[in-house]
Amino acid sequence: MKPKPKILIVEDENNVALNIEQCLQNLDYKVCGIASTGQEAVEKTHSFHPNLVLIDIQLKGHLSGTEVAEKIISKFDIPIIFLTAYADLKILQRAKTVQPFGYILKPFKENELGTTIEIALYRSRHQKIRNQQLKLALHRAEEQYRLLIESVKDYAIFMLDAKGHVATWNSEAERISGYSRDEIVGKHFSIFLTPESIEKEDAQKYLETAIETGRTENEGWHLRKDGSLLWATIILARVNDDHGNLIGFSKIIRDLTERKKWEDRQKFLMDATEILTSSLDYYETLNRVAHVVVPTLADWCCIHLLDERNNIQCVSVAHKNPELEQWATEIQKRYPVDLKGTHGIANVIRTGKPDFCAEVPDQLLIENAYNEEHLSMMRSVNLKSYMTIPLLARGRILGCLSLLYSEQKRDLTEKDLELATELARRAAMAIDNAKLYEEAQTAIRARDEFLSIASHELKTPISSLKLQLQMTQRGINLSENKTPPVHKLFRAVDLSAKQVDRLTLLVDELLDVSKIRSGKLSFNFEEIDLVEILKEIQERFCNEIVHFELIAPPHVLGHWDRFRLEQVFVNLVGNAIKYAPGKPFRIEINQTFQDAIITVQDEGPGIDKEKQRRIFNRFERGDTSERISGLGLGLFIAKGVISGHGGSIDVESELGKGTKFTIVLPLQGTKEQMELAS
Amino acid sequence: MKILIVEDDEDLRISFSQLLELEGYEPICACHGQEALDILKNMQELPSLILLDLMMPIMDGFTFRKIQVQDPHLSQIPIVIMTAHRNVDIQKIKTGTSPMVYMQKPVDLDEMISIIHHFSKPLEETASKALPVV
């Protein structure tokens, strides 16, 4: 059975109250109490939790009927019905603001009271359900909103009060700034600003702009709790109440630190690349790049390159402090890096693997020091961290790039290493390109030189030939049947034939070169006596001005190509005569178990070291300052021929002390030849 | 009229010499630049033209030309440069105030005669004497 609704009666006249109680009992309600003052009414409401309160509007005492009603409604949310003897307009007006659920004029009929109570109870129940539903909906909406704010990544979203103090906080705000909700709520938002920004009074400016225009947006460096820098865009928007009054601000901080760092890295790389591609003088270029690295990326930057003799050269030093730069260059000069070293630069250049150290221990300096002075110098540099990255291009190690940090230690991240590696890659590419360009230029110069020489060599006999033929042609008069005298004709034909022989030799030489280049030089191997060949050559060249000494055993037999070996020795003898005219020279032949070793020694001007390395290349000549006839192909062909025999040819020379060529020829030729022969 | 031939190749020197004689000139031969300078120093009457090869031992044509243009005594003698590789050589040769022409090798007889005539006409009588015979 449904419990009876409980009703509290608030009435200061006792008989009226009893009358009402009687009525209510008749109507089957339960009267849970009667209060004769406002104070009592509040207390009894609190104790009995009535479903409804009937209040005499003209209550005597400290609290009026409407005041009691207000208290009960606001405190307990219990419906009330006013009872009144007469309808005073003023009182009615006042009663209306309390929003009572009913209003009954005394004297009333019992059923009238019953109806008003039923309606009030019904409306009250209905309103309670509705309120609960609304509350639930509001709670849901708030929860959704909270979840939305909390789930946003990379955006700190929170509210400021009208003065700019933090009022709300989300988890991303905590992640981005490092402040917890408890730490930050109530603090002024200028806590996020950098000292420079505070000095410019930016906080006040932002608030003013937001107040005036509705919002303000800016991008820049901000401070985290730990003092580290945060690059962020900030949107500050004014928040109004329903009447348009300022109640605070919404603030959105977007963390763009990573993007900013990426942009800075890209910009740095672009600047560096622009410098690297601006010139083909890579020494100058590297120096400029080192000065871009400092101070953006490091306090100190060194670039080392491996030269042609495999020595490590420091080609560039940049230091944050220009005075120290000079000093750093001095150290590099005084203590050059030895490729044999087991640490740092030498190791990177040898292995091609990067080396980095976030915190340099003193032990490392001790291990790397050449001596006490060097150690104290290195200690004074105050080296904290370093990265050394190899300069690699087309699989070759060209050198390395070192970034050093002396002020404070750096937590070298993957990103730092990535950036340095990318810079090194681009620098290496620039060096490689510059070197290739230099090589190409040298090759072009050598080719032009060769073309010039070859043209001259070929065109000189052609000139003679042409002139002789044209002069003879002019001497022939067909109509008069006249020819030049026989002795003149003979001289012209003889000279012409000689020019054709010269041309044939030159063309053969050129053809040999192209055969060697394409690996198609063919040999006709047979058992021959080297001593016999050289004796023939000696006889051919020896005269009153050529002193050609031959020291050899009676016979040196081997499996060789007679024509090609003759070609090689004629060339070497020819060179000796050409470059050291009138001076004696000597050929010595020795035989070992496997090889014939032939040395050709002259007393000519000698060849400098630089030239010696290139002398067996195409188009190289021992002497370019003065013209020595020949295409400069002789030694290239000689090397091709000797290599084809499985042997080797080397030169030893010193300026002013003559030149010695040493040829080692295997007696039985190469393995392939032996296989072919068998 | 004297013409100085500076050419290291003996065969070509002989050919030039024969040709100039035929044309009625008096050829004088030098094997390289230094020899040419020595000859010029001792000559009473300077040659009216010098035929100059570029690539020679001891002293090449480039050096000879450099010295020639700096010597006021010699600088006005016209020069015929005989070059095999014109484009490369022109960049390297020192130009001076005296006339200079290039003649591409292999030298053509008619071209050579016309160039020589342009700079120095041979004496009428010696020329007519020499002409019919090769």
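In the predicted model, A:Pro107 is found in the loop between strand S5 (102-105) and helix H5 (110-151) of chain A, where helices (H or I, at least four residues) and strands (E, at least two) are DSSP runs, numbered from the N terminus. The peptide bond that joins A:Lys106 to A:Pro107 is cis, with an omega of about -10°. In chain B, B:Pro106 lies in the loop between S5 and H5, and the bond from B:Lys105 to B:Pro106 is likewise cis, with omega near 0°. Most residues other than glycine have a negative phi, and most peptide bonds are trans.

Residues are numbered from 1 along each chain as its sequence is written, while chains are lettered from A and ligands numbered from 1 in the order in which they are written. As this is a predicted model, local features need pLDDT of at least 70 and side-chain atom pairs count only at pLDDT 80 or more, whereas totals for chains, interfaces and linings use all residues.

Positive phi values were computed for A:Asp77, at about 55° although it is not a glycine, and for A:Glu201, near 55°. A:Asp77 is found in the loop between helix H3 (65-76) and strand S4 (80-84) of chain A, and A:Glu201 in the loop between helix H8 (195-199) and helix H9 (202-213) of chain A. A:Asp77 counts as exposed because it has 11 C-beta neighbours inside 10 Å, and A:Glu201 counts as exposed with 12 such neighbours; a residue is buried if 20 or more other C-beta atoms, placed from the backbone, lie within 10 Å of its own, exposed if 12 or fewer, and partly exposed in between.

Helix H11 (residues 282-296) and helix H16 (residues 414-475) of chain A pack at an angle of about 165°, with their axes 10 Å apart; axes are lines fitted to C-alpha atoms, for helices over the stretch in contact, and angles run from 0 to 180 degrees between N-to-C directions. H11(A) is therefore roughly antiparallel to H16(A), since angles under 35 degrees count as roughly parallel, over 145 as roughly antiparallel, 65 to 115 as roughly perpendicular and the rest as oblique. In this pair, A:Tyr282, A:Thr285, A:Leu286 and A:Val289 of H11(A) meet A:Ala427, A:Ala430, A:Ile431 and A:Ala434 of H16(A), contact being defined by C-beta atoms, placed from the backbone, that lie within 7 Å.

In chain A, five strands form an open sheet of mixed pairing in the order S16-S18-S19-S21-S20, two strands being paired if DSSP finds at least two bridges between them. Strand S16 (548-551) and strand S20 (648-653) of chain A stand at the edges, each with a single partner strand, so one side of each is left without a neighbour in the sheet. S20(A) is joined by six bridges to the antiparallel strand S21 (residues 659-666) of chain A, and A:Asp650 has A:Thr662 in S21(A) as its bridge partner. Helix H21 (residues 634-644) of chain A packs on the sheet, where it touches S20 and S21 of chain A, and its direction makes about 135° with that of S20(A).

Chain B also holds an open sheet of five strands, in the order S2-S1-S3-S4-S5 and with parallel pairing. Its edge strands are strand S2 (26-30) and strand S5 (100-104) of chain B, each of which pairs on one side only.

Between the chains, 23 residues of chain B are in contact with 27 residues of chain A.

Notes:
Contact = placed C-beta atoms within 7 Å.
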